Amino acid sequence: MWRLVWKNLLRNKRRSFLTGSSVAVSLFLLSSLAIVYTALGTPLQHGDAIPIMMVHRAAGIVLPMTAGHRARIAAVPGVVATSSLTWFGGYWKDPSDQFGNFAVDADTIFDVQAASRIAPEQLAAFKGERTAAVAGKQLADKHQWKIGDRITLLGSMWGITPELTLRGIFTGGPEDQFWFHWDYLNEAMGRPNIVGMYFIRIDRAENAARIGQAVDKLFRNTDTETKTESLNAFLLSFVSLLGNVRLIILAIGSAVGFAILLIVANSMGMSIRERTAEAAVLRSLGFRSGHILRLFLGESLLVTLAGALLGVGGATLLYDSLALSQIGQFVFADMRMRPETLVFCMGVSLIVGLAAAGLPAYRAAKTNIAEALRYVG
Amino acid sequence: MAEPVVQISELSKVFRRDSFEVRALDRIDLTVEPGDFLCLMGPSGSGKTTLLNIIAGIDRPTDGALQVLGEDVAEMSEDRLAAWRNVHIGFVFQTFNLIPVLTAYENVELPLLLTKLSGEERKQHVLAVLKLVGLEDRIHHYPRQLSGGQEQRVAIARAMVTDPTLLVADEPTGDLDAHSAEEVLEILSRLNTEFKKTIIMVTHDPRAAKHATVTRHLEKGQLLPPES
């Protein structure tokens, strides 16, 4: 029976090839969309074994906080280390080459980001020089930076261009980030004494709710009310700003899925209609309706699954090998083919294969044999 | 006396299309005995193919009684009917109806795929019937590589490969030149005389009818009395 399915598939090679190719391209697109969709909904957890919380303005994460808050936050029981983080948003040479660059409190950033490791002499050099900077290994490798390289950050909304010297390369944690001294930024801006947010490392993850409430209570009924949340929750809330993007991706993905269905349905519909009489001949020889259904559905499934293997396989190879996290920054950092995405895409191809051939195959299997023979004859 | 292969009584077939009603067969009575080579003749639209299809179990009567090989074919479920056709009926069509992507061997093997025969047993059956129709040297040829006469011989081999009791042929020489037609008719005659197959053949061709042992005429859906 499978031999017949295979031979029928090769009956019109061009049509089978074009149908399979259409499915492959469509499934590649669908896989890409699914990967981005999943990456947007699942932020990377830097050093998730270490309980880290974020303190930012309750009114919005883009609003600045007062630099003087750090000491008050550090005094809350359960807070092990505190550091500030200010988004700089510059680029190095190429405006399209965006990466996370932050002004940080050099003395404490590695206490909070304990998942990041740096050689002691490099850390000392970073702390001891106001124009020093450190980069994650992934980022440094990408730009082929070496210790001692001069790096000028351009194009920031802050209106300054820090000229920095790379003094260290850290591994672990957010390896796609670049950190320099907040003091330098603050001085260059005329000492406004503001920071973007605070990072706090707490003693135990299960104390997160209590510590968060305690920190927020410090600033309740002030001009700078805070919202303290876990790093993961923070990243999720950040991603939620992209909620509409996910909706758009979902809509495009649905359209792509529907387009595949139409392509395969059209192709299989034509192919099966052309063979209505052949199906009738087979039935006259003793083949049952179930045999005919399996024959046509098998063909459709073979085409769609072959296309899906190419499309989904191509997407898997592309996203897993190109390390796209380097261009995506932390919200896109996990852009790879996950098992559930793979299952989803193959499931779509399976459904498309069955749905596309279902109706014409059913008709061919159920039409009165004598009528079907006359159909062609 | 052996049980008739086909026993039909008061059989009618009415086709309905929208508000139109066409009576294709009108109260037919017919008996086909084992070993008969029955030729059904008549003008186009007389109902001969419809009668053949009903006897072979690929169409159902509107009214009347129908027994084929002792079975009430009209009452069988679709799946049971399919299995019954596989075992008892061999079909030969006017347009051969071979599967173009399969070789002669594979076309003939098709009905055997539904049996429990092993690959080797299937091979023996297929080669035997292809030899019977004189095409043992064409087993790997595709239908497009065969002449019309050869295609029809492959179709006869396919019809015979399950060793059915009843062979039904609908205008088997209709698409053939005179020489090929004669070859096909010779094979059918041989199947009838040497292998004792009961054959029902529909044809327009008076020359074809000469090979039959019984000839009946249909006209406007009615079976005319046998010629004396």
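Tutor: Two residues are in contact when heavy atoms lie within 4.5 Å. By that test A:Leu27, leaving aside neighbours within four places in sequence, is in contact with A:Ile260, A:Ala308, A:Gly311, A:Val312 and A:Cys345. The model is predicted, so local features need pLDDT of at least 70 and side-chain atom pairs count only at pLDDT 80 or more, whereas totals for chains, interfaces and linings use all residues. Residues are numbered from 1 along each chain as its sequence is written, chains are lettered from A and ligands numbered from 1 in the order in which they are written, and side-chain values use heavy atoms, with hydrogens and water left out.

Student: How do you know how much area is buried between chain B and chain A?

Tutor: Buried area is the accessible area (1.4 Å probe) that two parts lose on being put together, summed over both. For chain B and chain A this comes to about 2,200 Å², with 61% given by carbon and sulfur atoms. On the side of chain B, the residues that lose the most area to chain A are B:Ile58, B:Val101 and B:Leu114, together 23% of what that side buries. The contact takes 25 residues from chain B and 22 residues from chain A.

Student: Why is the pair A:Lys7 and B:Glu106 called a salt bridge?

Tutor: A salt bridge requires a side-chain nitrogen of Lys or Arg within 4 Å of a carboxyl oxygen of Asp or Glu. The closest N and O atoms of A:Lys7 and B:Glu106 are 2.8 Å apart, so the pair qualifies. Two salt bridges are counted between chain B and chain A.

Student: How many residue pairs between the chains are in polar contact, and what supplies the side of chain B?

Tutor: Five residue pairs between chain B and chain A, both residues at pLDDT 80 or more, are in polar contact (a pair of N or O atoms within 3.5 Å; within protein, one must be able to donate a hydrogen and the other to accept it, and residues adjacent in sequence count only if both atoms are side-chain atoms). Strand E1 (6-17), helix H2 (78-88) and helix H3 (104-109) of chain B each supply at least two residues of the side that touches chain A. H2(B) gives the most to that side, with six residues. The residues of that side divide into 14 nonpolar, three polar and eight charged.

Student: Where is B:Asp79, and what makes it partly exposed?

Tutor: B:Asp79 is in helix H2 of chain B. Buried means under 20% relative accessible area, exposed over 50%, and partly exposed in between (1.4 Å probe, protein chains only). B:Asp79 has 40% relative accessibility and therefore counts as partly exposed. Not counting residues up to four places away in sequence, B:Asp79 touches A:Arg288 and A:Ser289.

Student: How do you know that B:Glu78 and B:Arg60 form a salt bridge?

Tutor: Their side chains meet at 3.2 Å, N to O, which falls within the salt-bridge limit. The pair links distant parts of the chain, with B:Glu78 in helix H2 of chain B and B:Arg60 in the loop between helix H1 (48-56) and strand E4 (63-68), 18 residues apart. B:Glu78 has 39% relative accessibility and so counts as partly exposed. B:Arg60 counts as partly exposed because its relative accessibility is 24%.

Student: Why is B:Asp26 called buried?

Tutor: B:Asp26 has 17% relative accessibility, and therefore counts as buried. B:Asp26 forms a salt bridge with B:Arg23, the closest N and O atoms being 3.7 Å apart. B:Arg23 is partly exposed because its relative accessible area is 44%.

Student: What separates B:Arg207 from B:Asp205 in accessibility?

Tutor: B:Arg207, at 48% relative accessibility, counts as partly exposed, whereas B:Asp205, at 15%, counts as buried. Their closest N and O atoms are 3.4 Å apart, in a salt bridge.

Terms used:
Helices (H or I, at least four residues) and strands (E, at least two) are DSSP runs, numbered from the N terminus. Ala, Val, Leu, Ile, Met, Phe, Trp, Tyr, Cys and Pro count as nonpolar, Asp, Glu, Lys and Arg as charged, and the others, Gly among them, as polar.
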